Amino acid sequence: MTDLVEQDAAAVTPSPAPSTAPKSRLRSEAFARRLRARHAAERRFRLAGAAAVALAALILVLLLGSIVAKGASAFLEARIRLEVTLDPAEVADRNYTALLRRALYAQFPQVTDRAGKRVLNDLLSSGAPYELEAMVAKNPALAGTTQTIWVRADDQIDQLVKGAYRRDLPESERGLGDAKIAAADALLASGALAQGFNTTLFTAGDSREPEQAGIGGAIAGSLLTLLVTMALSVPTGIAAAVYLEEFAARNRWTDLIEVNINNLAAVPSIIFGLLGLAVFLGFFGMPRSAPLVGGLVMALMTLPVIIIASRVALKAVPPSIREAALGIGASPLQTVLHHVLPLAMPGILTGTIIGMARALGETAPLLMIGMVAFIVDIPHGLTDSATVLPVQIYMWADSPERAFTERTSAAILILLGVLILLNGVAVILRKIFERRW
Amino acid sequence: MSITSGIQNQLKLRPRADDRTGQRSGAAGLPNKMTARGVKVFYGAKQALRGIDLDIQENRVLALIGPSGCGKSTFLRCLNRMNDTIEGCRVEGQIALDGEDVYGKAVDAVQLRARVGMVFQKPNPFPKSIYDNVAYGPRIHGLASGRDELDEVVQTSLKRAGLWAEVKDRLREPGTSLSGGQQQRLCIARAIAVSPEVILMDEPCSALDPIATAHIEELIDELRANYTIVIVTHNMQQAARVSQRTAFFHLGEMVECDDTEEIFTNPRDERTQGYITGRYG
């Protein structure tokens with residue numbers, strides 16, 4: 001106590017004696033300078049951190065902004081209104097193309113020559129007759145009546161309505177003829193050409209015609225693939241992690257296994273595709289392009305991720321809980337199942353969802369097993385030919401049609417949406433488990 | 001110096017159960033619940049215990065004292081084979097419970113730990129309700145048939161642990177919401193819910209305040225009637241207050257074991273003398 005008082009006194013009246021210097025060093029000018037430098041360093045560090053966050057946010061906004069700007073229009077599609085007289089004879093012949101064309105010509109009485117009619121024919125999507133056919137198949141009583149229907153326009157007209165073509169360019173550079181533009185403008189003026197919500201994008205499979213292409217098939221393929229992946233890798237991964245972390249003895253073998261699991265997590269995904277090609281297709285003779293094989297390959301790929309995340313989560317459970325359980329005579333298995341695993345569950349779920357999200361966005365390994373195919377049908381089983389969302393995006397991005405450019409961006413938006421949904425589920429699951437404990 | 005005189009005062013002030021019954025503590029007439037003969041423990045190449053011989057008498061409290069790292073916790077964890085869970089730990093020698101070698105083939109570690117319960121240094125209730133904490137042991141061992149019986153086991157255990165009055169209206173609340181001292185009593189209730197024969201306590205009060213400590217010490221004194229208790233403690237007043245016999249450990253050896261009163265008033269070994277007078281440790 002007395003020491004403190006003396007020290008204070010020495011500091012208030014600066015003492016010239018060098019013997020007291022060590023005591024007052026904390027109040028010296030040099031110390032104050034260093035303190036200012038330390039605070040300045042801290043401010044700089046915080047500023048750098050904030051700048052990094054701002055930069056990351058800016059890049060994210062730019063990325064999302066550009067995708068939304070490009071892709072938003074794909075959620076609308078151009079449709080043409082037609083007064084179709086369903087002549088029973090033509091319906092019986094299933095000559096719906098002729099019915100639609102007749103209705104269209106009726107709106108342009110001045111067009112009589114073949115060239116002009118060909119221009120008008122090109123206004124309609126080549127899928128329009130199927131729409132009409134489906135309508136009649138659903139309600140055969142329509143035959144013989146006159147119906148007002150909206151059918152899909154051709155993708156070029158769709159793009160024209162959305163303003164993708166520059167009208168000030170000469171016809172040869174524009175990629176769309178003056179005659180078509182004039183016809184479309186006439187329809188627009190009469191209100192017979194309008195935009196509506198693009199349900200095709202969500203329900204249809206792939207198509208060569210952009211206005212008929214959708215990601216329904218790819219979504220179904222992704223879901224089936226993910227189902228196989230999840231069913232295989234989640235139980236296997238958690239079981240492996242529990243065994244390695246809670247039961248296995250530490251020796252050279254477990255060290256070797258651990259190193260290899262860590263290495264596997266870093267193996268480029270295309271290698272897993274090659275493995276799948278050689279083993280599942282080559283050796284076991286499984287079908288090409290099937291979600292079953294895709295899921296198997298993805299399971300191999302996500303397994304190390306799940307094992308590593310689960311082991312970290314298990315390691316984070318305090319040992320006192322294990323001791324408490326063992327101390328009252330719980331068997332090692334009961335200790336794990338009743339106490340350790342439930343406590344580690346939030347972490348395990350997070351790792352699993354990260355693994356699943358990675359599998360959902362993976363393209364490369366699927367190229368090797370033939371899931372990068374043009375598939376029109378929506379897959380219904382694990383062995384049907386299928387493709388997945390990111391592969392669909394990859395294929396659309398390769399297509400020359402303008403309409404595919406916007407559909408590529410729209411598909412990216414949908415993929416992002418699915419990923420956000422997955423992460424949302426993970427957050428909710430984690431909350432539920434944390435509340436229970 | 002002041003410590004020993006304080007302890008001696010306490011020994012004089014506190015009427016001993018043994019004095020009341022007229023029976024001298026450590027009397028040869030009391031049966032040994034557990035015996036240790038030549039117990040050596042190795043952690044890898046490092047030897048932690050160098051041949052311990054110790055008798056643990058039934059319905060007595062045995063205190064293990066000694067400086068940090070002397071092996072008293074290691075010895076305690078040998079008694080219910082908790083050392084089995086530590087990688088690279090090897091136990092030699094013989095430890096018997098009711099004459100049966102606990103490291104023998106006939107003894108299952110799971111059953112042993114039900115018979116020899118343990119309370120740890122830091123209160124470690126499960127992150128479950130108070131009720132489930134206490135009911136867990138009886139549930140996994142199938143000690144209670146039906147809800148009513150289980151309710152009763154939980155209630156008896158909590159009463160014995162002196163916690164019932166404080167928690168009887170909040171049995172569904174998580175055990176982790178209790179205070180430190182209450183958590184430790186919950187852990188004791190959890191340990192006695194499976195009706196063990198021996199209770200091992202590894203510095204049960206080191207994380208608690210003096211009031212909570214006093215609670216636990218009273219509890220230990222009461223529990224002695226039904227259980228054999230071995231307690232590791234760094235607090236010599238506590239050893240003097242709660243135990244009938246005390247063993248002093250030093251550098252992996254058991255220096256001496258005698259009636260608590262003898263150890264604190266008339267230690268035979270000078271190392272014991274040095275430790276209890278605070279010269280080292």
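The model is predicted: local features need pLDDT of at least 70, side-chain atom pairs count only at pLDDT 80 or more, and totals for chains, interfaces and linings use all residues. Residues are numbered from 1 along each chain as its sequence is written, while chains are lettered from A and ligands numbered from 1 in the order in which they are written.

Chain A is assigned domain 1 (2-71), domain 2 (76-204) and domain 3 (216-436). These bounds come from an automatic or database domain assignment. The C-alpha centres of domains 1 and 3 of chain A lie 44 Å apart. Four residues of domain 1 of chain A are in contact with six residues of domain 3 of chain A; contact requires C-beta atoms, placed from the backbone, within 7 Å.

An unreviewed UniProt entry places the feature "transmembrane region" at residues 47-69, 218-244, 264-285, 292-314, 336-357 and 410-429 of chain A. UniProt positions follow the numbering used here, feature names are shortened, and annotations may be inferred rather than shown by experiment. Residues 292-314 of chain A are 100% helix, with end C-alpha atoms 31 Å apart. Residues 336-357 of chain A are also 100% helix, and their end C-alpha atoms lie 27 Å apart. Helices (H or I, at least four residues) and strands (E, at least two) are DSSP runs, numbered from the N terminus. The unreviewed UniProt annotation "domain: ABC transmembrane type-1" covers residues 219-426 of chain A. That span is 77% helix and 0% strand.

Chain B has twelve helices and ten strands. Of its 281 residues, 46% are buried. A residue is buried if 20 or more other C-beta atoms, placed from the backbone, lie within 10 Å of its own, exposed if 12 or fewer, and partly exposed in between. In chain B, 70% of the contacts with a separation of 6 or more join residues 24 or more positions apart.

Between the chains, 21 residues of chain B are in contact with 15 residues of chain A. On the chain B side, α4 (109-115), β6 (116-119), α5 (130-141) and α8 (180-192) each supply at least two residues.

Most residues other than glycine have a negative phi. Ser289(A) has a positive phi of about 60°. Ser289(A) lies in the loop between α14 (269-283) and α15 (291-315) of chain A and is buried, with 21 other C-beta atoms within 10 Å. Leu251(B) has a positive phi of about 50°. Leu251(B) lies in the loop between β9 (245-250) and β10 (253-259) of chain B and is partly exposed, with 14 other C-beta atoms within 10 Å.

How values were computed: Contact = placed C-beta atoms within 7 Å.
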